[in-house]
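Visitor: Hi, I have the model open beside me. Could you walk me through it?
Guide: Gladly, ask away.

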Amino acid sequence: MTDRGPVTTGSDEKVDFFEDFVDAVLDLLRAARRTGGAANAVAGDAISVPQLVVLGAIDVAGDRGISAVAERAGLAQPTVTRALVALERRGMVERTPHASDGRSRCVALTAPGRAVLEEKRQEIVGRFAELWADLPAGEREHAVSLVRRLSAITDRLV
């Protein structure tokens with residue numbers, strides 16, 4: 001970050017590590033952006049991260065329709081629709097008319113879709129378990145708190 005002189009908070013209190021904090025948050029955002037693009041394929045498979053997120057959202061909200069899936073996934077509805085088309089083409093999901101709303105469609109996982117979702121969940125949980133094991137026991141509670149706070153900060157920035 002460029003030097004802009006003394007940094008103060010809203011209460012005009014000088015903060016020693018404020019610039020380091022800003023740099024760290026920006027580094028986190030850059031890393032997240034790189035991960036979203038560079039790691040768009042999950043562990044060597046032809047399934048993208050958004051498609052995997054959509055599969056998980058379908059598992060929870062598919063019977064309530066595509067807009068509920070989009071909300072659960074935290075993705076825009078056009079992104080979810082594109083993912084659904086690709087997943088349906090690959091036989092991982094099926095869309096059916098909604099029982100009470102003819103304009104809406106329900107979405108359900110097929111057996112192959114459920115299998116991919118469970119396999120990928122296990123892979124991801126395994127990766128997180130490795131990261132967790134690398135943290136000293138005394139830092140784990142702080143890590144959880146910090147990640148939650150950084151997530152909230154990120155949400156407020158974008």
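Visitor: How are α2 and α4 oriented to each other?
Guide: They are roughly perpendicular to each other, a label for angles from 65 to 115 degrees, where under 35 is roughly parallel, over 145 roughly antiparallel and the rest oblique. The axes of α2 (residues 49-61) and α4 (residues 77-89) come within 10 Å and cross at roughly 90°. Axes are lines fitted to C-alpha atoms, for helices over the stretch in contact, and angles run from 0 to 180 degrees between N-to-C directions. Helices are DSSP runs of H or I with at least four residues, strands are runs of E with at least two, and both are numbered from the N terminus.

Visitor: Which residues make that contact?
Guide: On α2 they are Gln51, Val54, Leu55 and Ile58, and on α4 Val80, Ala83, Leu84, Ala86 and Leu87. Contact here means heavy atoms within 4.5 Å. By class there are 8 nonpolar, 1 polar and no charged residues. Nonpolar covers Ala, Val, Leu, Ile, Met, Phe, Trp, Tyr, Cys and Pro, charged covers Asp, Glu, Lys and Arg, and the others, Gly among them, are polar.

Visitor: Before I go on, is this predicted or experimental, and what are the ground rules?
Guide: This is a predicted model, where local features need pLDDT of at least 70 and side-chain atom pairs count only at pLDDT 80 or more, while totals for chains, interfaces and linings use all residues. Residues are numbered from 1 along each chain as its sequence is written, and side-chain values use heavy atoms, with hydrogens and water left out.

Visitor: What is the average pLDDT of the protein chain?
Guide: The average is 81, and 80% of the residues score at least 70; pLDDT is the predictor's confidence in each residue, from 0 to 100. Over residues 37-41 the pLDDT is below 50, and this stretch has 9 contacts in the model beyond near neighbours in sequence. Where pLDDT is low, the predicted coordinates should not be read in detail.

Visitor: Back to packing. Which residues touch the most other members of the largest nonpolar core?
Guide: Of its 20 residues, those are Val54, Leu55, Ile58, Val80, Leu84, Leu87 and Val93. Such a core is a set of buried Ala, Val, Leu, Ile, Met, Phe, Trp, Tyr and Cys residues joined through side-chain atoms within 4.5 Å. Buried means under 20% relative accessible area, exposed over 50% and partly exposed in between, with a 1.4 Å probe and protein chains only.

Visitor: Which element gives the most to this core?
Guide: That is α2, with 5 residues.

Visitor: And what does Leu84 touch?
Guide: Leaving aside neighbours within four places in sequence, Leu84 is in contact with Val54, Ile58, Ile66, Val93, Arg95 and Val107.

Visitor: Which residues of α3 are buried?
Guide: Ile66, Ala68, Val69, Ala70 and Ala73 are, and the buried residues of α3 pack against α2, α4, β1 (93-97) and β2. After α3 comes Gly74, with a positive phi near 70°.

Visitor: At what angle do α3 and α4 pack?
Guide: About 110°, with their axes 9 Å apart, so α3 and α4 are roughly perpendicular to each other.

Visitor: New topic: where is Leu135?
Guide: Leu135 lies in the loop between α5 and α6 (137-157). Leu135 counts as partly exposed because its relative accessibility is 27%.

Visitor: Last one: how many helices and strands are there?
Guide: The protein chain has 6 helices and 2 strands, running α-α-α-α-β-β-α-α from the N terminus.
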